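This report describes the fold of one chain, the confidence attached to it, and a few selected residues and contacts. Please read it alongside the sequence and the coordinates shown here.

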Amino acid sequence: MSIFQQYNEEKLIAECKKGSRKAQQQLYEKFYKKMYVTALRYAKTTFEAEDILQDSFVKVFNNIEGFNGDSSVEYWIKRIVIFTALKYNRRKMDKAGVTFDIDQMESHQEPNADSTFSNYNFQQLLGFIQQLAPKYQLIFNLYAIEGYQHKEIAEMLDISEGTSKSQYARARAALQEMIAQEELKVL
């Protein structure tokens with residue numbers, strides 16, 4: 001980020017902190033697309049993603065005073081979107097009676113760079129991810145896409161690290177199965 005961009009971002013945040021609607025609109029427009037893509041990864045439908053995004057930006061503007069510049073604005077907003085999506089999904093899973101599996105004591109190998117997913121564009125991969133069971137979708141997104149470690153995921157979701165690892169392995173296997181089925185359709 002250039003010094004000019006950083007200055008403009010700082011100025012934009014300062015105006016948002018003063019309650020400027022114009023600055024809030026600019027901040028929203030600047031980050032809407034990136035954050036929408038993040039919300040989509042945690043949602044089953046575009047409507048859910050839009051709800052998550054709307055709730056997230058409400059939180060952003062209600063808590064903008066708490067932004068102190070220790071990280072980039074984009075990172076701060078993205079964390080709000082992720083935590084809003086987690087809360088949204090947790091409520092949805094609670095209503096459906098979905099729980100995380102009890103810690104599996106199976107061996108688990110961390111994935112290598114897997115070429116299984118490299119032949120597909122973003123929309124195709126997003127479609128596969130959205131078909132995952134909610135618990136698998138959450139953990140896959142947090143680990144494979146957002147880059148959180150299993151220990152961090154375990155803390156966020158109040159599960160064990162082993163459960164995070166086993167759920168990730170199952171999510172990955174489910175995605176590979178979906179891709180295999182898709183490839184069979186082509187033949």
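## Overall architecture

How many helices and how many strands does the chain have? The chain has eight helices and zero strands, where helices (H or I, at least four residues) and strands (E, at least two) are DSSP runs numbered from the N terminus. The order of elements from the N terminus on is accordingly α-α-α-α-α-α-α-α.

This is a predicted model, in which local features need pLDDT of at least 70 and side-chain atom pairs count only at pLDDT 80 or more, while totals for chains, interfaces and linings use all residues. Residues are numbered from 1 along each chain as its sequence is written, and side-chain values use heavy atoms, with hydrogens and water left out.

Of the 187 residues of the chain, 39% count as buried, a term that means under 20% relative accessible area, with exposed being over 50% and partly exposed in between (1.4 Å probe, protein chains only). Among contacts, meaning heavy atoms within 4.5 Å, between residues at least 6 apart in sequence, 72% join residues at least 24 apart.

## Confidence

The average pLDDT of the chain, the predictor's confidence in each residue from 0 to 100, is 81, and 80% of the residues score at least 70.

Where pLDDT is low, the predicted coordinates should not be read in detail.

E146 lies in the loop between helix 6 (134-145) and helix 7 (150-157), and it is buried, with a relative accessible area of 16%. Its side chain makes a polar contact (a pair of N or O atoms within 3.5 Å; within protein, one must be able to donate a hydrogen and the other to accept it, and residues adjacent in sequence count only if both atoms are side-chain atoms) of 3.2 Å with the side chain of K78, and another of 3.4 Å with that of Y42.

Leaving aside neighbours within four places in sequence, the residues in contact with E146 are T38, R41, Y42, K78, I82 and N141.

## N89 in helix 4

N89 belongs to helix 4 (residues 73-96) and counts as buried, at 1% relative accessibility. A polar atom of the N89 side chain lies 2.9 Å from the backbone oxygen of Y42. Not counting residues up to four places away in sequence, N89 touches Y42 and L138. The C-alpha atoms of N89 and K135 are separated by 8.5 Å, although these residues are 46 apart along the chain.

## Helix 6 against helix 7

In the contact of helix 6 with helix 7, I139, L142 and Y143 of the former meet H150, I153, M156 and L157 of the latter. The residues of this contact divide into six nonpolar, one polar and no charged, where Ala, Val, Leu, Ile, Met, Phe, Trp, Tyr, Cys and Pro count as nonpolar, Asp, Glu, Lys and Arg as charged, and the others, Gly among them, as polar.
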